Amino acid sequence: MTQIAFVAYPGFTALDMIGPYEVLRNLPDAEVRFVWHEAGPITADSGVLVVGATHSLAETPSPDVILVPGGPSTPVHARDDALLDWLRRAHRTASWTASVCSGSVILAAAGLLEGRRATSHWLAIPLLKGFGAIPVADERVVRQDDVVTSAGVSAGLDLAFWLAGEIAGEGRAKAIQLAIEYDPQPPYDSGHMSKASATTKAAATAMLSKDSAKPANLKATTMIAWEQALTAVRSRRRKRVASAVPSSKA
């Protein structure tokens, strides 16, 4: 049996989690859990869609696959010590630890992306570097070791199919792809920053800023930036002190 734990936190973006869920639930002998501090209803970033956390984090100490979705509230949860501790412990025994969209910021805050290549939603990419990750802005799915990250929202489907192929083989992954008829043929070609016009970029940024500007999210983002800045200053200071100390000769 493959136990798959989706971290269902308040303010997640629905497609980040539900898209990969539709893929991974079709793996042979899959046991899917939506996990949070306690079981119960969890509201998505829309404030309308509600899903149920089926298990607590404590009830799910060692899943085979961990998947953290993104959402405008990720800065808040990137400062949740209990969640970060659970991720560190669960990652030690998991076969795969994955994130969709800005969920990689939570993995980075847990120290799981330090020195690793990783991607995120284009709006969240700058936050990764401050946590010691190597940001990748031009790849849809990035795998390093047993950690897999994807770009924003819809890229979670591509990540899920990649995982399905690794876990159950290419044949099963292809069968799942046909079963859910995943054959993207978008009417527009503005799905990446390199393709979008300046007007489209501005409109998308304004649209996303509406949720990011909520007081709790804004405060958490500011605190993360402040903590990262302090860490960088202290690191430079230590390096200057170290270089100023004369080396002893034997």
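How many positive and negative side chains does the protein have, and how far apart do the centres of the two sets lie? In this predicted model, there are 25 positive and 24 negative side chains, and the two centres lie 13 Å apart.

Let me turn to the overall form. The C-alpha trace spans about 70 × 45 × 35 Å along the principal axes. Buried residues account for 41% of the 250 residues.

Next, the fold. The protein contains nine helices and eleven strands. If we consider contacts between residues at least 6 apart in sequence, 64% of them join residues at least 24 apart.

Seven strands form an open sheet with mixed pairing, in the order β5-β2-β1-β6-β7-β11-β10. Which strands stand at the edges of this sheet? They are β5, residues 55-56, and β10, residues 141-144. Each has a single partner strand, so one side of each is left without a neighbour in the sheet.

Val 68 has Ser 99 in β7 as its bridge partner.

Strand β7 itself covers residues 96-99 and is joined to β11, residues 147-150, by three bridges, again with the strands running parallel. Within this pairing, Thr 97 has Val 147 in β11 as its bridge partner, and Ala 98 stands opposite Val 148.

What of the side chains along these strands? In a regular strand they alternate between the two faces of the sheet. In β7, Trp 96 and Ala 98 point one way, while Thr 97 and Ser 99 point the other way. Are these residues of β7 buried or exposed? All of them are buried. Strand β11 is likewise covered on both faces. Val 147 and Thr 149 lie on one side, Val 148 and Ser 150 on the other, and all are buried.

On its other pairing, β11 meets β10 through four bridges, and here the strands run antiparallel. Arg 143 stands opposite Val 148 in β11. The hairpin of β10 and β11 has two residues between the strands, and Asp 145 takes a positive phi near 60° there.

Finally, I would draw your attention to a residue in a loop. Ser 197 lies between α7, residues 170-179, and α8, residues 198-212. Why does Ser 197 count as partly exposed? Its relative accessibility is 37%, and the partly exposed class falls between the buried limit of under 20% and the exposed limit of over 50%. Ser 197 and Thr 13 are 184 residues apart along the chain, and their C-alpha atoms are separated by 24 Å.

That concludes my presentation, and I welcome your questions.

Note on methods: Residues are numbered from 1 along each chain as its sequence is written. This is a predicted model: local features need pLDDT of at least 70, side-chain atom pairs count only at pLDDT 80 or more; totals for chains, interfaces and linings use all residues. Side-chain values use heavy atoms; hydrogens and water are left out. Buried means under 20% relative accessible area, exposed over 50%, partly exposed in between (1.4 Å probe, protein chains only). Contact means heavy atoms within 4.5 Å. Lys and Arg count as positive and Asp and Glu as negative; His and the chain ends are not counted. The place of a charge is taken as NZ of Lys, CZ of Arg, CG of Asp or CD of Glu. Two strands pair if DSSP finds at least two bridges between them.
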